[in-house]
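Reader: I'm new to this one and would like to go through it slowly with you. Could you show me the sequence and the structure?

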Amino acid sequence: MAANTSLPGLDGEVTAMDRAAVAELVSSTETAQMPAHAAPRGAALLALAAAALLSADPDDGEPIEDAYEGIIQNLACAQVF
Amino acid sequence: MSMSTSASPTRFEAATRALAADVTRALRDHEHPFPLERRVAALDEQGSGPGAVRVLGTDVLAPFVLSGRLPDPGDVAVVRAAVRAFPAPPATPAPDPLWAARDWALYRVLRRFGVDASEWEGLCLTAVGGSDTGPGLSEVAKSQRWPAWCASLAQLTALALPGLDSAVRAETLAARVDLTRGLARSMLRRDHLTAARLARWLALDTHAAAEPLLDPALKHLELLSADQPRVLLELALARRITETEH
């Protein structure tokens with residue numbers, strides 16, 4: 001599939017693959033996986049232990065800091081900032 | 001000039017990075033006009049420039065939005081050509097919510113410059129409607145927990161410009177804590193582009209809800225992202241937006 005772009009200075013053909021490549025860039029989202037070197041040291045174990053102390057089964061009903069993802073933030077924010 | 005017939009994501013990535021660097025320079029040196037048309041034409045010989053314009057969306061017009069200058073007709077023609085060359089996906093059975101929101105923002109930014117894009121070929125048809133979210137986006141957002149919500153929000157920074165009052169922006173204002181959590185999470189994951197995008201959303205309404213961690217976060221990201229033009233563009237926009245908010 002090709003289409004002409006005839007506006008000034010931009011004549012030429014754009015292929016479907018070009019469009020797919022641009023669409024991929026438009027819809028790019030966060031990186032899928034955190035690199036190993038990015039993991040705060042010991043955070044996983046600390047988070048696990050803290051989550052076990054606060055709730056064995058976080059269900060979104062508790063304050064976010066009590067859920068395991070919130071704990072990860074709290075433990076590591078000081079390191080980041 | 002003829003566009004290459006080979007599909008090369010890296011070609012468009014490279015052009016996008018180069019154009020992002022140009023826009024960043026324009027944002028930092030806002031005493032001088034930003035020659036968008038010339039910058040796009042100078043990108044390469046293979047016609048990747050219009051693709052880069054489409055990827056960056058309203059960000060290519062940010063130097064005009066934030067300086068109060070009007071783009072030249074040639075600048076607008078470049079944007080129109082990019083929209084035409086890289087149209088939004090077909091609106092049937094339903095418009096793509098991401099493209100609809102991005103084109104909603106583009107349509108409104110252009111309208112601010114006195115440009116009526118309602119007849120532009122390639123623009124998402126829902127862009128001229130009254131809402132940025134369209135059917136679907138807000139429902140998806142409501143059903144997401146904060147990490148996924150922040151990831152979605154990071155895709156929508158085309159809407160994070162002063163003067164664009166969108167439903168997404170209202171959501172961010174109502175969920176600043178989640179937004180800050182998302183920023184911290186992205187920084188921890190070393191996902192600097194997502195972090196910078198979320199910082200930009202945070203910067204947008206600092207007059208209504210100050211965020212003390214924003215400035216250190218911006219400095220931290222600037223240090224880590226010196227070789228990442230797209231991250232630097234988001235950070236430069238966050239800085240300029242913060243300035244306009246005060």
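Reader: Thanks. Which of the elements of chain A has the lowest mean pLDDT, and which the highest?

Author: Strand β1 (residues 2–4) of chain A has the lowest mean pLDDT among the elements of that chain, at 41, while helix α1 (residues 16–26) of chain A has the highest, at 93. Here pLDDT is the predictor's confidence in each residue, from 0 to 100, and helices (H or I, at least four residues) and strands (E, at least two) are DSSP runs, numbered from the N terminus. This is a predicted model, in which local features need pLDDT of at least 70 and side-chain atom pairs count only at pLDDT 80 or more, whereas totals for chains, interfaces and linings use all residues. Residues are numbered from 1 along each chain as its sequence is written, and chains are lettered from A and ligands numbered from 1 in the order in which they are written.

Reader: And what is the mean pLDDT for chain A?

Author: The mean for chain A is 61, and 25% of its residues reach 70 or more. Over residues 1–9 of chain A the pLDDT stays under 50, and for that stretch the model has 21 contacts beyond four places in sequence, a contact being two residues whose C-beta atoms, placed from the backbone, lie within 7 Å. Where pLDDT is low, the predicted coordinates should not be read in detail.

Reader: What does chain B average?

Author: Chain B averages a pLDDT of 87, and 88% of the residues score at least 70. Over residues 1–6 of chain B, however, the pLDDT is below 50, and this stretch has 18 contacts in the model beyond near neighbours in sequence. For the complex, the predictor gives an ipTM of 0.88 and a pTM of 0.80.

Reader: How much of each chain counts as buried?

Author: In chain A, 20% of the 81 residues count as buried, and in chain B buried residues make up 54% of 246. A residue is buried if 20 or more other C-beta atoms lie within 10 Å of its own, exposed if 12 or fewer, and partly exposed in between, with C-beta atoms placed from the backbone. As for contacts between residues at least 6 apart in sequence, 29% of those in chain A join residues at least 24 apart, and in chain B the share is 76%.

Reader: What about helix α3 of chain B, how many of its residues are buried?

Author: Eight of the eight residues of helix α3 (residues 49–56) of chain B are buried, so this helix is largely enclosed by the rest of the structure. Among them are B:Pro50, B:Val53 and B:Leu56. The helix α3(B) is followed by B:Gly57, whose phi is positive, near 60 degrees.

Reader: How do α1(A) and α3(B) pack?

Author: They pack at an angle of about 30 degrees, with their axes 9 Å apart; axes are lines fitted to C-alpha atoms, for helices over the stretch in contact, and angles run from 0 to 180 degrees between N-to-C directions. The two helices α1(A) and α3(B) are therefore roughly parallel to each other, since angles under 35 degrees count as roughly parallel, over 145 as roughly antiparallel, 65 to 115 as roughly perpendicular and the rest as oblique.

Reader: Which residues meet there?

Author: From α1(A) they are A:Asp18, A:Val22, A:Leu25 and A:Val26, and these meet B:Gly51, B:Arg54 and B:Val55 in α3(B).

Reader: And how do the axes of α8(B) and α10(B) cross?

Author: The axes of helix α8 (residues 146–154) of chain B and α10(B) come within 9 Å and cross at roughly 80 degrees, and the helices α8(B) and α10(B) are therefore roughly perpendicular to each other. Residues that meet in this contact include B:Trp146 and B:Trp149 in α8(B) and B:Leu179 and B:Arg185 in α10(B).

Reader: One more: where does B:Arg190 lie?

Author: B:Arg190 lies in the loop between α10 (176–188) and α11 (192–204) of chain B. Its phi is positive, about 60 degrees, although B:Arg190 is not a glycine. Most residues other than glycine have a negative phi. With 15 C-beta neighbours inside 10 Å, B:Arg190 counts as partly exposed.
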